[in-house]
Amino acid sequence: MNVHVPILKLGEVLIVTVQAALTDAQLIDLRTELADRVGRFRSKGVVLDVSLLDVLDSFASRTLSDIAKVARLRGARAIIVGIQPEAAFAMVQLGLTLEGIDTAVDLDEAMEILGSSQVRGRG
Amino acid sequence: MSVTDPNTAPQTLRDHPGMKDFFSTYEQRVETLNAGLMVTVGRLPSLDALVRRMTPEALAENNRLSMDNMRKAIVHGDWAPLLERQRSDGATYAAMGIPFREWFDLVAAFQSSLIPFLVADYGGKDAVRLGHALTAMNAYVNAAMNNIAEEYLKTKERIIAQQQHAIHELSTPVLKLRDRLLLVPLVGILDTQRARQMTEQLLSAIRDNRAKVVVIDITGVPAVDSKVANHLFQTAAAARLMGAQAVITGLSADVAQALVALGIDVGRLTTIGDLQGGLEEAQRMLGYRVVAVEA
Amino acid sequence: MAEDQRIHISHESDIVAARRASREVAASLGFSSGELAVIATAISEIARNIVVYAKRGEISLELVEKNGRRGIRVIAMDNGPGIRDVQLAMRDGYSTSRGLGLGLPGAQRLMDEFEISSQVERGTTITMIKWGR
């Protein structure tokens, strides 16, 4: 399966940098591909970097949540990083709070969290 | 949406019987009139400063353009360039801080210097014709002043709004207390506009400082009602999206009770009674141990 | 000086185009970057509705003025299936985050003015305005 979004493997963590304007199909592919790789590599963590997205609407928010949940079902802790100030500002006005999904300010922070956390039983 | 087309002059102006006579006199005497007006400008400090900055060529070109626009309007019926130019002038004077009073004085000088010429040209022949020319002059000048004033005001209002924004920004500083810990000491009424501005500033600061904890102190906010509570919820939620935990301090027990009575779930926010306690807790959250040192 | 724009919506890539266009048109209105994102987000919701439900439509962006304030007016039009119960669709903003509903209450929350008219089998028109300084 050809995934246009690069998935980086850094030890036990998979890192995805989400590009702007991914199509619906690409996002679904990404979810499938991540689920597959988390299982294959028994990854402890998945980091979704959205710092390139200027806007996160309800669709993007839903899809990111889905990806995070799927990763969790496969035993990995998912963290969304890099939500930009402007996007966060608009999201809360829309009522999108990504409840229950871990967030961090950037990749470094996410790696720190993943490095020090006990993954089993955590989400 | 404004109903009148800004590029068409009102009927009364276009069809005014004395308009062409007024223009004709002005056109023939323009050199003399301009010389007189330059003397007037000398007494108006801001306009004087503006004119001194222009080269003689630029000034001449400016006058030529004005005359052209007037001719297009009055003789050929195309008022658009003239009206557009007036609006642009209005905006420029506002932006340059030229007091409207000076422009007003200049125009008044123009009128009083043109009247003798109108009388000379039409006075002897036909009182009605002179009357028309005089009222045409007044109508033209009034319309011009209206147009310029409107744009002047709009620009001033825009500038004031921008300045207010800047003042708000200065009055809600986001302070970096230590690595990854920010403090927002809110003082004064937190209305929607201010809340949004504070939130935007805070979120940018979270990114720039990689903050993990932000303490928002509302001790200085006089009236904490459901609207303020909502603003705080939204700010905390947005901070969370960026990976930062918001701690609200300065929410007195009384206010907390009042909010609960209003049905607001204050428990959704992390709150600590006083700022001191809040800062200590924030540092603990960041992994610092707060120890009293022997004096 | 920004010009008014008209964006044809028939594919999801048009959603991004509409968002980008809104930034261009709104640029001269003195909005903060957060407010520009808010406008783009509201447009994203509405544009996505067109793609998903009506298949094709159009979004127009214009600068408007009232009482000395300038703003951006967004008109989203389609000849799609229409909304049977507009009142229901406009209720409960949080339906967006759960994947239900059309995201309309959310868009309404984001913008200053919001109007919707819809007829079954005829189509839907949404008009929203955000005022600047």
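**In chain C, 61% of the contacts between residues at least 6 apart in sequence join residues at least 24 apart.** Two residues count as in contact if their C-beta atoms, placed from the backbone, lie within 7 Å. This is a predicted model, where local features need pLDDT of at least 70 and side-chain atom pairs count only at pLDDT 80 or more, while totals for chains, interfaces and linings use all residues. Residues are numbered from 1 along each chain as its sequence is written, and chains are lettered from A and ligands numbered from 1 in the order in which they are written. Chain C has four helices and five strands, and along the sequence they run β-α-α-β-β-α-α-β-β. Helices (H or I, at least four residues) and strands (E, at least two) are DSSP runs, numbered from the N terminus. Of the 133 residues of chain C, 39% count as buried. Buried takes 20 or more other C-beta atoms within 10 Å of a residue's own, exposed takes 12 or fewer, and partly exposed is what lies in between, with C-beta atoms placed from the backbone.

**Here is where chain C meets chain A, with 22 residues of chain C touching 19 residues of chain A.** On the chain C side, helix H1 (12–26), H2 and helix H4 (104–110) are the elements that give two or more residues. H2(C) puts in the largest share, nine residues. Sorted by class, this side of chain C has six nonpolar, 11 polar and five charged residues. For the classes, Ala, Val, Leu, Ile, Met, Phe, Trp, Tyr, Cys and Pro go down as nonpolar, Asp, Glu, Lys and Arg as charged, and the others, Gly among them, as polar.

**Now the contact of chain A with chain B, which takes 14 residues from chain A and 15 residues from chain B.** Looking at the chain A side, helix H3 (85–94) and strand E5 (102–104) are the elements that give two or more residues. The largest share, five residues, comes from H3(A). The class count for this side of chain A is 10 nonpolar, two polar and two charged residues.

**The largest nonpolar core has 101 residues.** A nonpolar core is a set of buried Ala, Val, Leu, Ile, Met, Phe, Trp, Tyr and Cys residues joined through C-beta atoms within 7 Å. The residues with the most contacts inside the largest core are A:Leu48, A:Ala88, B:Ile206, B:Val214 and B:Ala239. Helix H2 (residues 33–54) of chain C gives the most to this core, with 10 residues. Zoom in on A:Ala88: leaving aside its neighbours within four places in sequence, A:Ala88 is in contact with A:Ile83, B:Leu203, B:Ala238, B:Leu241 and B:Met242. There's also a second, separate core of 24 residues, which includes B:Phe23, B:Leu114, B:Ala133 and B:Tyr140.

**In chain B, helices H8 (residues 192–209) and H9 (residues 226–241) pack at an angle of about 20°, axes 10 Å apart.** Axes are lines fitted to C-alpha atoms, for helices over the stretch in contact, and angles run from 0 to 180 degrees between N-to-C directions. H8(B) and H9(B) are therefore roughly parallel to each other. By angle, pairs under 35 degrees count as roughly parallel, over 145 as roughly antiparallel, 65 to 115 as roughly perpendicular and the rest as oblique. The crossing of H8(B) and H9(B) is right-handed; a crossing gets that label if the near helix is turned clockwise from the far one by less than a right angle, and left-handed if anticlockwise. H8(B) brings B:Ala195, B:Thr199, B:Leu202, B:Leu203 and B:Ile206 to the contact, and H9(B) brings B:His231, B:Gln234, B:Thr235, B:Ala238 and B:Ala239. That contact has six nonpolar, four polar and no charged residues.

**Also in chain B, helices H2 (residues 19–42) and H4 (residues 56–74) pack at about 170°, with their axes 10 Å apart.** That makes H2(B) roughly antiparallel to H4(B). H2(B) uses B:Met19, B:Lys20, B:Phe23, B:Val30 and B:Asn34, and H4(B) uses B:Asn63, B:Met67, B:Met70 and B:Ile74. By class, the contact of H2(B) with H4(B) has six nonpolar, two polar and one charged residues.

**A:Leu53 sits in the loop between strand E3 (45–49) and helix H2 (58–73) of chain A.** With 19 other C-beta atoms within 10 Å, A:Leu53 is partly exposed. Neighbours within four places in sequence aside, A:Leu53 is in contact with A:Val18, A:Ala20, A:Ala60 and A:Ala87. A:Leu53 and A:Gly82 are 29 residues apart in sequence and 8.8 Å apart in space, C-alpha to C-alpha.
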